[in-house]
Amino acid sequence: MPDVEGLPARRAALAALQQVDEDDAWSTVAVPSAVDVLDERRDRAFASHLAYETLRWEGTLDHLLGQHLNRPMSDVEPALRRILRLGALQLWHSDVPAHAAVQTSVELAREAVPQRRAKGASGFVNGVLRSLARALAAQPPRWPQEPRDRTALTTGHPRWVVDELADRLGLPRAAAVLASDSDPAGTTLRARDDRDELVAELRAAGVAAEVGQHAPEAVHVTGVDPRSIPAVAEGRARPQDEASMLVVHAAGVEAGDRVLDLCAGPGGKTTHLATLAGPEGRVVAVELHEHRARQVAAAAAAMGLEVDVRVGDAAAPPLDPDERFERVLLDAPCTGLGVGRRRPEVRWRRSPEDVEALAVIQRRLLASAGRWLAPGGRLVYAVCTWTGAETEAVVEAATPDGLVCTGRRQLLPDTDGTDGMFIATFEHRETGRTDADGPVETTAVLL
């Protein structure tokens with residue numbers, strides 16, 4: 001059967017959804033690999049949009065579809081569930097004609113199941129999506145009256161995430177944060193050398209480029225796949241959100257510093273630390289997982305940087321007991337809710353139980369990280385999330401012995417235009433170089 005118009009792009013989007021669903025792949029890996037099979041740039045962009053938006057609005061799509069199903073969405077087989085969500089996304093949240101959304105979804109259903117069941121599967125998808133299309137044509141969706149349930153559906157987040165933020169910030173502010181978290185993030189590059197020269201180079205190549213808002217190395221670009229940018233391919237720039245750059249600047253690294261990067265994978269912050277420490281400095285990166293340690297080493301090699309990469313537990317790193325560092329960064333494992341603009345599936349993968357389990361790990365890591373700090377040095381604790389248990393509560397419960405917390409900052413997408421990163425800095429009571437005039441203000445900026 002010949003391809004229905006637009007079907008290859010939808011196949012690619014569906015393949016990405018399957019990787020995320022069945023292989024636990026991150027969308028930032030699954031989507032590019034799935035859409036690269038398409039020849040046309042327009043098709044790749046369309047497929048990427050469909051995949052990311054379907055992941056982003058999963059809960060809302062299930063709510064809309066549930067009104068047209070005679071069984072719970074969880075009882076629909078996974079392959080058809082993904083096709084229904086992809087079709088519903090087009091009916092509700094795009095300008096795709098309804099007939100095209102339904103027809104292509106029916107074709108995908110025929111392909112997704114064994115031939116003997118193809119007619120039943122395609123008929124099921126056809127019936128559900130046509131019913132949804134008629135309902136949406138008649139009137140906009142009716143959302144729940146309960147404010148937090150309504151916020152969950154209109155911002156595309158689980159109810160527990162709404163509760164987490166609303167309990168801390170109040171519902172109006174929480175809704176603003178979560179709405180911004182459902183806006184796709186743009187692309188930001190970290191220039192290795194001169195930022196202004198990189199901007200000029202990009203503009204000369206026809207790329208829309210602007211300097212960043214917060215970090216001196218940041219360059220925002222639009223309408224381009226960063227993998228196609230020569231500066232990225234040559235190691236002169238690296239895609240990275242400004243929040244991650246601010247984490248490194250909070251450490252106040254200077255040329256010649258000895259720096260320890262704990263939980264270093266995949267290496268974005270490590271390479272930034274090494275750039276600031278310079279060839280006369282020393283950066284040791286510790287990563288628990290071997291494949292992520294290899295990513296750190298590869299990232300450093302791509303940028304021509306010298307980094308001592310070691311595989312080990314950040315709570316008991318493979319270091320000489322007498323080693324000390326002027327700067328220590330602990331970028332701890334966390335729920336990752338703050339990177340939902342880039343990895344929208346994270347909000348559906350996490351649970352309140354994950355928050356508590358990770359907070360235990362974070363407290364253990366932070367309590368032990370201070371032992372590697374030289375007198376007068378600075379320790380930075382960072383997590384890309386905003387839950388109270390992983391941020392303020394960790395600082396209050398696990399400040400390392402002999403250190404004092406000198407600043408806390410919560411970055412949020414609605415006000416800062418960055419990932420939702422929490423940064424806390426600690427210093428020895430025996431003060432040394434304090435970098436009071438450093439590039440990042442870290443005195444308490446609390447929620």
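Guide: Ring pairs join Trp57, Trp92 and Trp143 into a cluster. Rings of Phe, Tyr and Trp (its six-membered ring) pair if their centres lie within 6.5 Å; planes under 30 degrees apart count as stacked, over 60 as edge-to-face and the rest as tilted. The model is predicted, so that local features need pLDDT of at least 70 and side-chain atom pairs count only at pLDDT 80 or more, while totals for chains, interfaces and linings use all residues. Residues are numbered from 1 along each chain as its sequence is written, and side-chain values use heavy atoms, with hydrogens and water left out.

By the ring rule there are three aromatic pairs. Helices (H or I, at least four residues) and strands (E, at least two) are DSSP runs, numbered from the N terminus. Tryptophan 57 and tryptophan 92 are both buried, meaning under 20% relative accessible area, where exposed is over 50% and partly exposed lies in between (1.4 Å probe, protein chains only).

Tyrosine 381 and phenylalanine 422 have ring centres 6.4 Å apart and planes at 70°, so this pair is edge-to-face. Tyrosine 381 belongs to strand E9 (residues 373-383) and phenylalanine 422 to strand E11 (residues 422-428), 41 residues apart. Both tyrosine 381 and phenylalanine 422 are buried.
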